[in-house]
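These are my notebook entries on a structure that was new to me. I set down what I looked up, topic by topic.

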Amino acid sequence: MNFDLTDEQQMIKKMMREFSDEVVAPGAIERDRTKEFPIEIFKQLSQMGMMGLPFPEEYGGAGADATSFAIVTEELSRGCASTGITYSAHISLGGAPIHLFGTEEQKRKYLMPICTGDSFGAFGLTEPNAGSDAGGTQTTAKEDGDHFVINGSKVYITNASYAKHLALTAITANENGKKEISAVIVPTDAEGFTIIDNYEKMGLHASNTTELVFDNVRVPKENLLGKRGDGFRQFLVTLDGGRIGIGAMAVGIAQAAFDRALKYSKERKQFGKTLSEFQITQFKLADMAMKIELARNMVYKAAWLKDQGRPFTKEAAMCKLYASEIAMEVADQAIQIHGGYGYMKEYEVERYLRDAKLLEIGEGTSEVQRMVIARQIGCL
């Protein structure tokens with residue numbers, strides 16, 4: 001067993017740590033206030049070759065592994081979780097399904113712009129009446145000659161305002177009440193395709209979260225992604241990879257909260273001693289550090305299994321569940337250590353708590369992760 005990162009992974013970690021500290025973190029408070037999408041940061045990430053990191057070089061990617069993707073996501077999220085989730089969704093939800101299930105022509109047409117940063121990646125799955133129960137999909141894609149005609153809506157879709165195309169799930173047939181769900185690639189400038197960006201969110205203010213409305217949107221049948229009727233299976237596979245990204249995000253947020261709590265505890269004096277000299281504070285910080293270390297190891301293991309081509313559904317669900325829950329716990333403790341200052345935005349720890357909450361909900365709630373794990377360990 002070897003816990004060392006490879007030379008390439010260490011290089012990426014060092015580079016992204018410096019980038020996050022120098023470029024991403026400084027504007028995080030202001031972006032949280034103004035809800036400004038971090039487009040300039042992503043222009044730089046494109047120039048650094050990060051936008052297609054885990055995808056093959058022949059499509060404009062960097063050919064790196066899933067562990068490297070987790071490292072980049074963690075470091076970006078440590079500086080600004082809105083930037084982190086934008087990146088994670090771009091790779092794991094936008095690029096991954098096209099890479100995994102697309103034809104050669106689709107990869108060249110739709111994956112390459114994602115790898116170069118010409119388009120952000122996005123994925124249309126969740127609907128007003130189908131959240132964790134993706135089988136409740138109601139959006140339809142009916143055949144009409146050589147086209148599909150799409151009607152319906154999607155909610156809580158990340159990055160769609162900045163994507164030139166996205167894959168979505170839709171019902172392509174319905175016989176005796178049994179839905180045939182397929183995935184279809186849809187250009188975002190197609191006639192009848194409306195993107196609404198007006199959510200008022202608890203956190204992740206600088207990320208782009210949208211509602212999509214499809215009103216007789218016509219796309220050619222060649223835009224079918226993978227096999228017809230495989231959409232349900234495809235998005236389960238896609239979400240497995242996405243959960244590694246959410247886990248990495250959670251580790252990044254928790255690390256940021258811990259770093260600030262440790263720094264503050266060594267500066268703030270009460271009753272003649274720094275907070276870090278009190279055993280109660282030491283115990284809090286020790287527990288926070290231990291849980292972050294556990295969560296990071298779980299994320300890395302899930303990513304490593306993915307890289308080996310081995311099953312990783314259980315480990316992805318476990319790392320997402322554990323990391324997102326300890327991110328909330330660590331952020332809460334960081335606020336507590338800061339006392340009244342922790343409630344103030346300039347100290348940032350309150351933002352970590354608001355941002356972390358989404359991680360217990362998005363890409364499968366904590367309850368859904370427990371259902372996945374229960375199935376994987378043989379409960380059903």
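**Entry 1: Aromatic rings**

I began with two phenylalanines and found F42 buried and F120 buried as well. I note here that the model is a predicted one. I then asked how the rings of F42 and F120 are placed. Their centres are 5.3 Å apart and their planes stand at 70 degrees, so I recorded the pair as edge-to-face. F42 belongs to helix α3, while F120 sits in the loop between α6 (104–116) and β1 (123–124), so this pair ties together parts that are 78 residues apart in sequence.

I also looked up a pair within one helix. The rings of F232 and F235 have centres 4.8 Å apart and planes at 70 degrees, so this pair, too, is edge-to-face. Both residues lie in helix α7, three residues apart, which is about one turn of the helix. I recalled that an α-helix has 3.6 residues a turn, so residues three or four places apart point the same way.

For the structure as a whole I noted 12 aromatic pairs. One aromatic cluster is formed by F37, F42, F120 and Y162.

**Entry 2: Helix α3**

As F42 lies in α3, I turned to that helix. Which residues of α3 are buried? In this helix, which spans residues 39–47, they are I41, F42 and L45. They cover an arc of only 95 degrees around the axis, which puts them on the same side of α3. I then looked for what these buried residues pack against, and found α1 (7–24), α2 (28–34), α4 (66–79) and α5 (81–101). After α3 comes G49, whose phi is positive, near 80 degrees.

**Entry 3: Nonpolar cores**

I next examined the largest nonpolar core, which has 43 residues. Which of its residues touch the most other members? I found I244, M249, M288 and V330. The elements giving two or more residues to this core are α4, α5, α7 (231–267), α8 (279–307), α9 (313–338) and α10 (349–357). The largest share, 13 residues, comes from α7.

For I244 I listed the contacts beyond four places in sequence: A70, V299, A302, A303, K306, F312, A316 and C319. I also noted a second, separate core of 41 residues, with M16, F19, A64 and A167 among them. As general background, nonpolar side chains in soluble globular proteins tend to be buried together.

**Entry 4: T238 in α7**

I looked up T238, which is in helix α7. Is T238 buried or exposed? Its relative accessibility is 2%, and T238 therefore counts as buried. Leaving out residues up to four places away in sequence, I found T238 touching S92, L93, P97, F101 and F123.

**Entry 5: Cysteines**

How many disulfides does a search of the whole structure find? The search finds zero. C379 counts as exposed, at 54% relative accessibility. C80, by contrast, counts as buried, at 3%.

**Entry 6: A hairpin and a loop**

I then moved to the strands. β2 (residues 140–144) and β3 (residues 147–158) run antiparallel and are joined by five bridges. K142 has V149 in β3 as its bridge partner. Two residues lie between the strands of this hairpin, and within the hairpin G145 takes a positive phi near 65 degrees.

Last, I looked up D197. Where is D197 found? It is in the loop between β6 (193–196) and β7 (209–220). D197 counts as partly exposed, at 49% relative accessibility. Apart from neighbours within four places in sequence, D197 is in contact with S161, N208, T209 and T210. I also recorded the separation of D197 and E211, which are 14 residues apart in sequence and 6.6 Å apart in space, C-alpha to C-alpha.

Terms used
Residues are numbered from 1 along each chain as its sequence is written. Side-chain values use heavy atoms; hydrogens and water are left out. Buried means under 20% relative accessible area, exposed over 50%, partly exposed in between (1.4 Å probe, protein chains only). Helices (H or I, at least four residues) and strands (E, at least two) are DSSP runs, numbered from the N terminus. The arc is that of the directions from the helix axis to the C-beta atoms. Contact means heavy atoms within 4.5 Å. A disulfide is a pair of cysteine sulfur atoms within 2.5 Å. A nonpolar core is a set of buried Ala, Val, Leu, Ile, Met, Phe, Trp, Tyr and Cys residues joined through side-chain atoms within 4.5 Å. Two strands pair if DSSP finds at least two bridges between them. Rings of Phe, Tyr and Trp (its six-membered ring) pair if their centres lie within 6.5 Å; planes under 30 degrees apart count as stacked, over 60 as edge-to-face and the rest as tilted.
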